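Let's get to know a new model together. Have a look at the sequence and the 3D view first.

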Amino acid sequence: MTATSTLHTAELPQRKRKRLITEDRRRSTLLTVIVWVCVAYFIVPLVWLALSSTKDNTDLFTTFGLWFGNAFHLFDNIGTVFTNSGGLFARWLLNTLIYAAASALGATILAAMCGYALAKYRFRGRNAVFWLIIGAIMVPMTALAIPTYLLFSAMNLTDSMWGIILPSLVSPFGVYLMRVYAQEAVDDSLLEAARIDGAGELRIFSSIGLRLLAPGLVTVLLFQLVATWNNYFLPLIMLNSEDLFPITVGLANWQMAASGGGGAQVLFSTVITGSLVSIAPLVIAFLFLQRYWQSGLTAGGVKG
Amino acid sequence: MSHTMNRRHARGLHSAQTRAAWMLVIPFLVVFATMFLVPLFYSAYLSTFTSQLVGGEVFSAFANYSRALSDPSFWGGLSRVALFLFIQVPIMLIASLFFALALDSGRVRGGKIARLLIFLPYAVPGVVATLMWGYLYGNNFGLIAQVFRSLGLGSPELLSPDKVLGSTMNIVCWEFVGYNMIILYAALRTIPRERYEAAEIDGAGQLRIAWSIKIPAVKQALLLTVIFSIIGSFQLFNEPNLLYNIAPNAIGTDFTPNLYAYSVAFKNQDINYAAAIAFLLGAVIVIISVVVQTIVNRKEREA
């Protein structure tokens, strides 16, 4: 796979104006209807989740899913979410934040350094390092989770925050993305000029390289943030203490308790409202940061 | 004189650059080695032992591997994810490609918002997505059953043993259609407009342009989504593990190879055998990814 020239997709203003004029004529009603009907499929479950979060457990069972219940219980439910099982939910949110932030920051810095070096220096062993990383991209993370658990339990590192953060620092795909990005965004002549001025190599990287890599850094950061935020398998096997759980494992435990019936201590309405609360930050972040996703995915060598 | 000085100077610069390169590469490599290579080698080592009731752990070479290869639970899971791969992945990727083409053509009103809304499920963790769909499927207060009952039809029983695989496929589609769409859409945006403006002037229809110009131009992006989907299908875990909580009879502990490895390791406490299963699964994924890539690239060279 080679680098792409897709980072510079900004179009000429002139062409844009021309397109705006012809755009109105080109709208297709049929295509619009088909696409928007499909959009409903993606949105209805989330609407259902939001509406169900406003119901108490009785209304959940007795009222229609896509409308409000007899009474508005959203704030009661949120209160229950945060007080249930001794206020564990807030702890889970905080843990998730710690895991996601630490892993994303660490992985991004490591990936930026390595990707920049692979893109900008010719040194013996460079190809070997590069192919090692390409090979690693194909190894599925969950196939690695059990081996990592086994190693960590031999070193007594399971059931600790390190058990989640350390394995998440490795992002071969992040290195690959940063290498592609550095090839595109960091101009060799700029580095040469800095060298002639007598700047050291690491100084050049930290003052020029990192600044030019900034948009790519944001993309890798976001990817790693979402990956850690969504991680379920690794914390599930790595952690035993409830107060170390991230939100995914915590919610799954509540779901099990709610479905268990009998002496269930968690209501369905609590699980549902907890789900809504846990996805709200990410959904909002997505809506605001979406342009970084696209530029990052374009940069990811998708054009081969 | 000055010539030799220059050369010496150049060599000095070169070694400074090599040193800097390694200083930048080594932190990643150290973490990579300890968190990636060492676990792999350690579990390869563990997989060559067998724990016995009497005598503890005994070296058994490839016994765990041959046991896995004749284990109906392993094969059952593997064939289930293969079935998943052959049905779910084409549906998902065709849908992704359709949305990407439709939105790229600029013919959809409110296309920008539609794109964002289709992508939104990717922001929902797989755990929450499964939880939510699990409830939507259920008979108690599931929306789908409510709609069916109000139409005078019986409950569809989407969590029954014969439907649960399809229900899982739907969850994965819901999560990843938008993600794949964005990859393909981003690739479509990089095609120079001139290439199909000329075809339009020649009287080519939109479908024809999509088929003959746009789809071939994003072949590499499509390959990437196929590879990611293959990897994703084989490691299926979150969805079945959570559906197991609400439909234990329909899912079972060997529904997918990953779920099986998990229950072997943590319910049966047979770490050695679990390591072998995880290893075999990883090998299957790498082999299939490489084979698919090779076939596609060879076809491209022939074409």
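Some questions and answers follow.

This is a predicted model, where local features need pLDDT of at least 70, side-chain atom pairs count only at pLDDT 80 or more, and totals for chains, interfaces and linings use all residues. Residues are numbered from 1 along each chain as its sequence is written, while chains are lettered from A and ligands numbered from 1 in the order in which they are written.

Q: How many helices and strands are there in chain A?
A: Helices (H or I, at least four residues) and strands (E, at least two) are DSSP runs, numbered from the N terminus. Going by that, chain A has 13 helices and zero strands.

Q: Which helix gives the largest share of the side of chain B that touches chain A?
A: Residues are in contact if their C-beta atoms, placed from the backbone, lie within 7 Å. The contact takes 80 residues from chain B and 79 residues from chain A. On the chain B side, 21 residues come from the helix with the largest share, and that's helix α1 (residues 2-46) of chain B.

Q: At what angle do the axes of helix α2 of chain A and helix α4 of chain B cross?
A: Axes here are lines fitted to C-alpha atoms, for helices over the stretch in contact, and angles run from 0 to 180 degrees between N-to-C directions. The axes of helix α2 (residues 29-52) of chain A and helix α4 (residues 111-119) of chain B come within 9 Å, and they cross at roughly 30°.

Q: Which residues of α4(B) make the contact with α2(A)?
A: From α2(A) come A:Val35, A:Trp36, A:Val39, A:Phe42 and A:Ile43. Facing them from α4(B) are B:Ala114, B:Leu117 and B:Ile118.

Methods. Two residues are in contact if their C-beta atoms, placed from the backbone, lie within 7 Å.
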